[in-house]
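Q: I would like to learn how to read salt bridges in a structure file. Please take me through an example.

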Amino acid sequence: MTIQFTALPTENVRALQRGGPDAYGRTPERKVSDRDGMPCRHCLRNIAAGDVYLILAYRPFPDPQPYAETGPIFLHAQECERAAGTGEPPEILDSPDYIVRGYGGDDRIVYGSGGVIPTAAIAARAETLLEREDIAYVHVRSARNNCYQCRVERA
């Protein structure tokens with residue numbers, strides 16, 4: 001099976017970069033990065049020291065429901081190009097491990113699918129999960145803070 005790591009949709013990101021409301025109806029906060037390593041969820045690259053970035057609440061699900069987690073993410077404040085969906089883990093996944101969890105077609109957690117996975121094993125774990133018929137897509141989330149990083153889908 002072929003998988004692809006996917007970034008946030010450009011149309012959603014452009015609206016946020018232009019001051020549109022986040023998941024809580026608030027304008028994204030603008031900050032200047034004081035270090036490298038702030039992960040942009042659109043280009044899937046780290047925001048460099050000195051670059052302006054946005055902090056906002058994001059819900060990577062189409063509708064509010066009990067499993068539709070909302071949390072903080074970072075984006076470049078200036079327009080950046082959306083990362084191409086590839087089978088390789090993106091640059092932003094530079095911690096030792098991440099939560100990898102499957103979701104069904106109803107956008108709800110598939111129980112028993114989640115775990116803290118070493119970064120080098122994320123692609124293999126996502127591929128294994130996506131072989132299951134009850135899993136429509138996979139989220140990669142921070143193992144320390146549960147922040148959404150990216151989505152993994154069947155290619």
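The dialogue below goes through salt bridges and the exposure of their partners.

A: This is a predicted model, in which local features need pLDDT of at least 70, side-chain atom pairs count only at pLDDT 80 or more, and totals for chains, interfaces and linings use all residues. Residues are numbered from 1 along each chain as its sequence is written, and side-chain values use heavy atoms, with hydrogens and water left out.

Q: How many salt bridges does a search of the whole structure find?

A: A salt bridge is a side-chain nitrogen of Lys or Arg within 4 Å of a carboxyl oxygen of Asp or Glu. The search of the whole structure gives seven.

Q: Which residue forms a salt bridge with Arg18?

A: Glu79 does, with the closest N and O atoms 3.0 Å apart. Glu79 lies in the loop between β6 and β7, and Arg18 in the loop between α1 and β2 (29–32), so the pair links distant parts of the chain, 61 residues apart. Helices (H or I, at least four residues) and strands (E, at least two) are DSSP runs, numbered from the N terminus.

Q: Is Arg14 buried or exposed?

A: Buried means under 20% relative accessible area, exposed over 50%, and partly exposed in between (1.4 Å probe, protein chains only). Arg14 is buried at 14%, whereas Glu79 is exposed at 52%. The side chains of these two meet in a salt bridge at 3.5 Å, N to O.

Q: What is the N to O distance between Arg132 and Asp134?

A: Their salt bridge has a distance of 2.8 Å. Arg132 is partly exposed at 30% relative accessibility, and Asp134 is partly exposed at 38%.
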